[in-house]
Amino acid sequence: MQSESARAASAAEARFRIDAPNSQPRSIKVIALDRPSEAIVKRLATSVWGNTSFLTTLASAPPRDAPFSMRGWLADLAGHTKILVDEIEHADLVVMIATAGESIESTSIIGEACSLKRVMTTGLVVTAPSVPAAELSRSLAQLRPWALMLVVASAEDYIADMLMALRA
Amino acid sequence: MLKKEQSDLLTLTGPGTAGGRLFRCYWLPALLSSELPENDCPPVRVKLLSERLLAFRDSEGRLGLIDEFCAHRGVSLWFGRNEEGGLRCPYHGWKYDRTGQCIEVPSEPVESGFCNKIKLKSYPLVERGGVLWTYMGPADKQPPLPEWEFALVPPEQSFMSKRIQESNWLQAMEGGIDSSHVSFLHRGDLNSDPLFRGAKANQYNLKDSRPVFEVVESPGGLFIGARRNAESGNYYWRITQWVMPSFTMIPPRGDHPVHGHFWIPIDDDNCWTWSFDYHPIRALSPGEVAAMRDGKGIHVKYEPGTFRPLANKDNDYLIDRAAQKAGRTFSGVEGIAMQDASLQESMGPIVDRTKENLVSTDNGIIMARHRLVRSVKALTDKDQAPPGVDNAHQQVRSAAVILPPDRPFIEAAKDALVVRAGTSHASV
């Protein structure tokens, strides 16, 4: 007689797997940390996604001499200021997009906020063969303390594949 | 989540498929050398990439890998007589040489030259490092012979085994690059398995079960770095190599031999899991070899006379619920290899990836799929050779290192991630 494991692992038995959704939509925030990444994020945002928002840090970083605040670090792609903590509070995942060699000063504030709110973070650095290793290292070093998963990709098409894989 | 059409692209590897074309760009391990131990020994059935083949070593020691079936009436040449420079079909005496060329049709006049018109499909078969390798792609695209380090060290420094895995190759391979499962599924084995225990680094693994991952593209595939806390604010890094399409090398522990795998499709529902262990600068000790033969480490015990694991789905993998409850094993299945295989086979022959819910720590898997899909498309659309074919992509090592927190492993461990003749792996 066939064992339970042998029967259960057969292709015939696969037909009886329950065909019902097994997850709810996730809330994912994709944040561009620098100007080239903002362009990438804008291109990504033109596709149809589920509960995923695309944001940027560029336009809204407070002046250096302003008192510290977690407000005003983010903007949506139309340029409207967003409140960082409010944006990430209910997120399942924050994906920070950086381009190797670019300045990504706001990483720590976003990372700190995610850490405070116990939100999972992924850092994704897009690089090219022409980028010097030292510049890539600098980007990685800035992201490493704040990213629970860090990915170095040679092309931006990986980001779309990753978001799709994560059911964004 | 992966769309069905993308999953099909990678999981289906028979003739005429895009995924099959990808595998047909590489030298693939086909048999252990020990399966054809002497001239004129019995032929061996081989199924690879959904093609039924027969391997034999002729009277002069030359290796052949040919279509399994006689061109005359379609009987299996496995019943054939391996004699005097070829394999003779026992049905009507047709005889084939190692290239599949028919060299005798006894019922036809020799002068007719009829046998010259009969040729079975054949593939090159070459011996290297205790493995017989084949290349199943177009002859004009045949790459140089493989140069994996384990296959080039002296034989006493290397050990290879293979086992049948009753699942598609991709879900098996994805298990090999899924570093985050080790802290759960294999946690009982780090301190007990003779091929792992005793390494200082085991304590880092056991103390920190939530590693942080970094995935970086390499020329041939991926570096997958898992970072854990070490002393004085430093990080303990374990860097796994994945080289396309299905080679992995697991980071070393102490001075133990280094191990890794190939996952090679038999057909779409089954694959060969090849498992190697080697040490770059010393012979394996008798104790290590005995442990490997006894199914320790990443190897298995077999059903006698086969390459099927002794613990398999027909005996529920000999699951021991008491051991599971007592914490001696996490899943109740004994041995690292079958802990993995039992779960991967339980997914069904080809797992439905449209239903999975990957998370951020699965980026190694996501990136591997991405590179595979991209390479299949580049091969199909532009006839571009995929990564991993180039011998330079095979000159890789896994590594385990301790680094300061500000040093990226791809830079700080750069030398440790390539073969350096005469040196050990970087290990902790």
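Select B:A412 to start: leaving out residues up to four places away in sequence, B:A412 touches B:L403 and B:R407, where contact means heavy atoms within 4.5 Å. This is a predicted model, in which local features need pLDDT of at least 70 and side-chain atom pairs count only at pLDDT 80 or more, while totals for chains, interfaces and linings use all residues. Residues are numbered from 1 along each chain as its sequence is written, chains are lettered from A and ligands numbered from 1 in the order in which they are written, and side-chain values use heavy atoms, with hydrogens and water left out.

B:A412 belongs to helix α12 (residues 409–412) of chain B; helices (H or I, at least four residues) and strands (E, at least two) are DSSP runs, numbered from the N terminus. With a relative accessible area of 29%, B:A412 is partly exposed. On that scale buried means under 20% relative accessible area, exposed over 50%, and partly exposed in between (1.4 Å probe, protein chains only).

Next, show helix α1 (residues 4–11) and helix α10 (residues 363–382) of chain B, which pack at an angle of about 75° with their axes 10 Å apart. Axes are lines fitted to C-alpha atoms, for helices over the stretch in contact, and angles run from 0 to 180 degrees between N-to-C directions. The two helices, α1(B) and α10(B), are therefore roughly perpendicular to each other (65 to 115 degrees; under 35 counts as roughly parallel, over 145 as roughly antiparallel and the rest as oblique). From α1(B), select B:Q6, B:L9 and B:L10; from α10(B), select B:R369, B:L372, B:V373, B:V376 and B:K377, and the contact is on screen.

Move to the aromatic rings. Over all chains, a search of the whole structure finds 21 aromatic pairs. Rings of Phe, Tyr and Trp (its six-membered ring) pair if their centres lie within 6.5 Å; planes under 30 degrees apart count as stacked, over 60 as edge-to-face and the rest as tilted. Select B:F23 and B:W169: their ring centres are 4.8 Å apart and their planes at 85°, so the pair is edge-to-face. This pair links distant parts of the chain, with B:F23 in helix α2 (residues 18–23) and B:W169 in helix α4 (residues 169–176) of chain B, 146 residues apart. B:F23 is buried at 0% relative accessibility, and B:W169 is buried at 1%.

Go on to B:Y302 and B:F307, whose ring centres are 5.7 Å apart with planes at 90°, so this pair is edge-to-face. B:Y302 is partly exposed at 27%, and B:F307 is partly exposed at 24%.

For a cluster linked by ring pairs, select B:W133, B:W148, B:F150, B:F247, B:F262, B:F276 and B:Y278. B:H259 lies in strand β17 (residues 258–267) of chain B and is buried, with a relative accessible area of 6%.

Two charges over rings come next. B:K162 lies over the face of B:W272, at 3.9 Å from the ring centre, and B:R227 lies over the face of B:Y235, at 4.3 Å. The criterion is NZ of Lys or CZ of Arg within 6 Å of the ring centre and within 35 degrees of the ring normal.

Finish in chain A with helix α5 (residues 107–116), where A:T107, A:I109, A:I110, A:G111, A:A113 and A:C114 are buried. The buried residues of α5(A) pack against elements of chain A including β1 (28–32), β5 (93–99) and α6 (133–143). Just after α5(A), A:R118 takes a positive phi of about 55°.
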